[in-house]
Amino acid sequence: MRLGSRTGGTRTAPATSPPALPRGAAAPPSPRGGQRRGCPPAPSHPFIRRRGGGSARSPAQARRGAMETGGCRMSGAEPSAPAMITLEDLDGLAEESPDSAYHSQGSSLEEEAERMEDEEQERLLSYWQSVGRGHQVDVPRDMAEPIQQLTRNNNPQERQTIPFTLIQRKEKLGDLLYEKRQYGKAKWACIKMKEKQYEQSICLGFMKLMRYICEQNSSGLYLGITIPIVTIVHTNESQSEMTPSVTVAYYLPEVLQDEPPHPFDSDIIIEEWPSTIVYSRSFRGITNEDSIMREINLLAEILESPELCLQDTFIIAGYTNPAAANRHNEIWFLQRP
């Protein structure tokens with residue numbers, strides 16, 4: 001569950017001016033040679049990014065505010081005793097303090113890291129927008145963070161492949177024709193799409209699933225990528241053309257199968273699919289109506305008994321994202337229950 005935040009007011013003691021030195025009294029010794037106890041830094045959270053807004057306070061201003069609220073003790077003075085140092089001395093101390101230079105440098109490093117992160121987001125978003133235009137799909141700006149997060153976590157060693165049991169491999173002259181597999185009962189996050197073109201449906205559906213994977217869920221966590229992402233497609237009775245309605249689905253990782261996080265997007269539904277036997281054939285390149293119908297007809301010719309499978313429902317399994325140039329895909333025939 002997302003942790004809620006709690007806010008509350010902060011009471012600040014009224015500002016008081018430091019007492020003036022009595023006439024003829026000796027000035028206090030310079031604090032530069034003595035021990036200084038600085039105010040503790042404000043708490044920070046490693047996952048909270050600081051954004052601009054309002055004017056930044058210098059170290060001198062920060063120390064001044066602390067003096068006014070009684071938050072710091074200088075040179076071992078008791079909390080109730082006034083500190084014998086003027087605000088002008090504090091300003092000079094802050095300007096020459098090594099701590100001031102350290103914090104200034106740290107702030108510059110933070111700003112530089114944030115600038116580089118923003119530039120990376122813009123670069124990735126621009127790339128996806130360029131690819132999207134090729135499929136007549138508009139990639140909105142709010143996809144910048146999910147795209148960046150998915151890209152950073154795109155480690156092949158960390159991808160979870162959907163588990164299955166291999167039943168049979170059919171080869172001819174050393175070439176793999178198809179595999180017969182059994183997939184177990186499992187939960188999937190699914191979204192139904194019905195755009196004019198297949199490519200539009202899978203791109204838009206995949207973007208919605210990306211948001212769900214990238215923290216837009218009841219757990220508030222990055223769920224991890226599983227492969228393949230699958231799309232259920234349908235044809236007419238004669239298998240001459242595809243219908244526009246498709247379902248894009250994401251297999252939930254093993255650790256989330258018992259209690260899947262709820263999507264924030266009401267269009268995404270968690271479904272449990274029964275154990276299924278599939279006949280799988282690999283192919284590469286783009287996936288559109290023409291290439292899918294070609295692969296359906298090819299696998300139907302190769303199978304000894306295609307009538308054992310559903311005749312109007314098929315699955316396209318994608319092992320690379322829709323923005324990839326040379327995609328790795330599979331066509332799945334589903335054996336009748």
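Q: Over which ring does the charged end of arginine 181 sit?
A: A charge counts as sitting over a ring if NZ of Lys or CZ of Arg is within 6 Å of the ring centre and within 35 degrees of the ring normal. In this structure, the charged end of arginine 181 sits over the ring of phenylalanine 164, 4.6 Å from its centre. The model is predicted, so local features need pLDDT of at least 70 and side-chain atom pairs count only at pLDDT 80 or more, whereas totals for chains, interfaces and linings use all residues. Residues are numbered from 1 along each chain as its sequence is written, and side-chain values use heavy atoms, with hydrogens and water left out.

Q: How many aromatic pairs does a search of the whole structure find?
A: Rings of Phe, Tyr and Trp (its six-membered ring) pair if their centres lie within 6.5 Å; planes under 30 degrees apart are stacked, over 60 edge-to-face, and the rest tilted. The search finds 7 such pairs. The ring centres of tyrosine 178 and tyrosine 279 are 6.0 Å apart and the planes stand at 65 degrees, so this pair is edge-to-face. Tyrosine 178 belongs to strand β3 (residues 175-183) and tyrosine 279 to strand β9 (residues 276-284), so the pair ties together parts 101 residues apart in sequence. Strands are DSSP runs of E with at least two residues, and helices are runs of H or I with at least four, numbered from the N terminus. Phenylalanine 314 and phenylalanine 333 form a tilted pair, 4.9 Å centre to centre with 55 degrees between the planes. Phenylalanine 314 is in strand β10 (residues 309-318) and phenylalanine 333 in strand β11 (residues 328-335), so parts 19 residues apart in sequence are tied together. Phe164, Tyr183 and Trp332 form one aromatic cluster.

Q: Are tyrosine 178 and tyrosine 279 buried or exposed?
A: Buried means under 20% relative accessible area, exposed over 50%, and partly exposed in between (1.4 Å probe, protein chains only). Tyrosine 178 and tyrosine 279 are buried, and phenylalanine 314 and phenylalanine 333 are buried too. Of the 337 residues of the protein chain, 36% count as buried.

Q: Which residues touch the most other members of the largest nonpolar core?
A: A nonpolar core is a set of buried Ala, Val, Leu, Ile, Met, Phe, Trp, Tyr and Cys residues joined through side-chain atoms within 4.5 Å. The largest one has 47 residues, of which Ile147, Tyr198, Val233, Tyr250, Ile331 and Phe333 touch the most other members. Helix α5 (residues 198-213) gives the most to this core, 9 residues. A second, separate core of 17 residues includes Ile162, Ala186, Val278 and Ala317.

Q: Which residues of α6 are buried?
A: An α-helix has 3.6 residues a turn, so residues three or four places apart point the same way. In α6, the buried residues are Ser291, Ile292, Met293, Glu295, Ile296 and Leu299. Their cover includes β3, α5, β6 (229-234), β9, β10 and β11.

Q: Where is lysine 185 found?
A: Lysine 185 is in the loop between β3 and β4 (186-193). The residue is exposed, with a relative accessible area of 58%. Contact means heavy atoms within 4.5 Å. Leaving aside neighbours within four places in sequence, lysine 185 is in contact with Glu272, Trp273, Pro274 and Ser275. Lysine 185 and serine 275 are 4.3 Å apart, C-alpha to C-alpha, and 90 residues apart in sequence.
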